Amino acid sequence: MPLADSDGTAIYYERHGTGPAILFVHGSGGHHAAWWQQVAALRDEFTIVTLDLRGFGKSDSSDFDGQDFPGDVAAVLDAEDLTDVMLVGQSIGSVAALKAGLLRPERVSSVVLGHSLGGISHPELRELAAADRAEAVKLPVIDRLLTKQFQSERADLTFLFQQMGTFNVARMQDLRNLDTNGPSLEDIQDSGVRVAFLAGEKDAVLGVKTVTRAHELLPGSHLEIVEGAPHSMYWETPHAYNAAVARLRRTLTPPKDSA
């Protein structure tokens, strides 16, 4: 099985398909297999790479710290010698994806921040996100991630969604420092890495208004709001999610004079 060495930690990853590269970075309840609906749908047009951050899935779980996650992503990029990659993060995975993109701008052309501000260091955005989070914690965890209608109509996929997290050692409480020392808006602009915000209209964790404001504050960024989609859009509304990711991969290309 393919393993990348991230400063002595073995990181499991998979590579599927051919074409322009997309690397998915899972959230706190996921791992490489959480992207089953994306791999099957996108591998005919794109190279799809999935991984397990340390403490998740098949990667080394003996030592994990959120601050090491960007290095895990970078290790996979290096192991596969990938260039012109679009990193797609889900929730906390977006924080790791953005930092990894800034670590390897020669390999990463764009980063999609899925349901997250990517840990961007900005006082107004920090305040807006904190307000959203204060409302989200009033809900049961599953209601923050999937709509009640989906839970009712697809009890099977809801159960599988919850089972995904049982393969992980790392827990959300272990990852609270992930967005410490996040990049500034200026850091992102200086890197030359293109950024897109991908959000769901019904996201109960991060509001559309907050994501829209982040887009407004980051010149040159893109914004995709998917109607009717929850926080875990990739799971509940995969067709809309996959279409948005494919559209972003086709359009988020660096300017030709940036070389």
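Hi everyone, let's start with a helix pair: H2 and H3 pack at an angle of about 55 degrees, and their axes are 8 Å apart. Axes here are lines fitted to C-alpha atoms, for helices over the stretch in contact, with angles running from 0 to 180 degrees between N-to-C directions. That makes H2 oblique to H3, since angles under 35 degrees count as roughly parallel, over 145 as roughly antiparallel, 65 to 115 as roughly perpendicular and the rest as oblique. On the H2 side, the contact (heavy atoms within 4.5 Å) is made by Phe69, Pro70, Gly71, Val73 and Ala74; H3 brings Ala96, Lys99, Ala100 and Leu103. Helices (H or I, at least four residues) and strands (E, at least two) are DSSP runs, numbered from the N terminus.

A quick word on the model: it is predicted, local features need pLDDT of at least 70, side-chain atom pairs count only at pLDDT 80 or more, and totals for chains, interfaces and linings use all residues. Residues are numbered from 1 along each chain as its sequence is written, and side-chain values use heavy atoms, with hydrogens and water left out.

Now, the loop between strand S4 (47–51) and helix H2 (69–79), where we find Arg54. Is Arg54 buried or exposed? At 4% relative accessibility, Arg54 counts as buried; the cut-offs are under 20% relative accessible area for buried, over 50% for exposed, and partly exposed in between (1.4 Å probe, protein chains only). Its side chain has polar contacts with the side chains of Ser6, at 3.2 Å, and Asp72, at 2.8 Å. A polar contact is a pair of N or O atoms within 3.5 Å; within protein, one must be able to donate a hydrogen and the other to accept it, and residues adjacent in sequence count only if both atoms are side-chain atoms.

Leu53 sits in the loop between S4 and H2 as well, and is buried, with a relative accessible area of 1%. Leaving aside neighbours within four places in sequence, Leu53 contacts residues including Val25, Phe69 and Val73.

Finally, the largest nonpolar core has 45 residues, and Leu23, Leu51, Val73, Leu87 and Phe197 have the most contacts inside it. Helix H3 (residues 92–103) gives the most to this core, with six residues. Apart from it lies another core, of 30 residues, among them Phe46 and Leu252. A nonpolar core is a set of buried Ala, Val, Leu, Ile, Met, Phe, Trp, Tyr and Cys residues joined through side-chain atoms within 4.5 Å. Thanks, everyone!
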